[in-house]
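Trainee: I am new to this structure. Could we go through its salt bridges step by step?

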Amino acid sequence: DVFLADTSNPAQTTVYFAREGRIRLDRERRLVQLELRDGTSNTTLTDRPDDYEERAFENLTITLDPDTVFKRPPPRGAREMTYAELREEIETAKARNDPAYDARFMLQQKASLPMACPILALIGLALGATNRKDGRLASFAVGVGVSFLYYVLLWGARAAAMGGQFSPELAPWTPNIVLGVTGLALIAWRARLADRPIRFALP
């Protein structure tokens with residue numbers, strides 16, 4: 001009980017009725033065919049609405065546009081590219097005099113973002129090197145503030161890099177540098193003001 005309307009040709013519309021049918025797919029050859037058995041086809045023409053063509057068939061094979069079945073994936077942006085793809089994109093951009101700010105930024109961000117974890121841990125160590133009990137709400141507010149500052153620095157540096165006003169290679173590292181220096185300064189400050197000295201024990 002197959003019903004198929006073919007409107008791919010603007011000049012005509014063909015309607016198929018068939019007892020049964022099946023789709024044949026060949027992914028390697030990108031071939032899509034529709035096989036119909038025991039049916040009729042009815043065709044009307046746009047420029048001649050009074051004409052009507054009807055014919056019966058035992059077996060009929062219709063080749064379909066493969067792009068309607070094997071849909072091509074959307075183009076991958078810099079965020080979805082691997083290291084190798086980013087380097088290739090940068091080299092290709094050089095040939096067409098394209099600065100490729102996004103690809104250059106993302107290549108460095110893939111390395112700088114994981115490094116933010118120990119830097120944020122360093123700040124947490126500095127802020128926690130005391131026996132004072134400031135309350136959970138205050139600690140939560142400080143943690144949110146530090147995270148917010150990191151992303152403000154990151155996206156501010158990214159905006160400057162995308163505008164060509166800052167190095168795309170240095171921009172992803174800017175939050176790490178600023179917060180890393182801040183963490184070391186806090187460690188030194190807390191070491192002088194803490195209730196007990198900060199000790200680092202190795203196993």
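**Salt bridges**

Mentor: Lys94 and Glu91 both lie in helix α1 (residues 83–95), three residues apart, about one turn of the helix. Helices here are DSSP runs of H or I with at least four residues, numbered from the N terminus. This is a predicted model, in which local features need pLDDT of at least 70, side-chain atom pairs count only at pLDDT 80 or more, and totals for chains, interfaces and linings use all residues. Residues are numbered from 1 along each chain as its sequence is written, and side-chain values use heavy atoms, with hydrogens and water left out.

Trainee: What is the N to O distance in the salt bridge of Lys94 and Glu91?

Mentor: A salt bridge is a side-chain nitrogen of Lys or Arg within 4 Å of a carboxyl oxygen of Asp or Glu. The side chains of Lys94 and Glu91 meet this way, with an N to O distance of 3.6 Å.

Trainee: Is Arg29 buried or exposed?

Mentor: Buried means under 20% relative accessible area, exposed over 50%, and partly exposed in between (1.4 Å probe, protein chains only). Arg29 has 62% relative accessibility, so Arg29 counts as exposed.

Trainee: Which residue forms a salt bridge with Arg29?

Mentor: The closest N and O atoms of the pair are 3.7 Å apart.

Trainee: How many salt bridges are found in the whole structure?

Mentor: One of them joins the side chains of Asp98 and Arg96. A search of the whole structure gives a total of 12.

Note on methods: Helix = DSSP H or I, 4+ residues; strand = E, 2+ residues; numbered from the N terminus.
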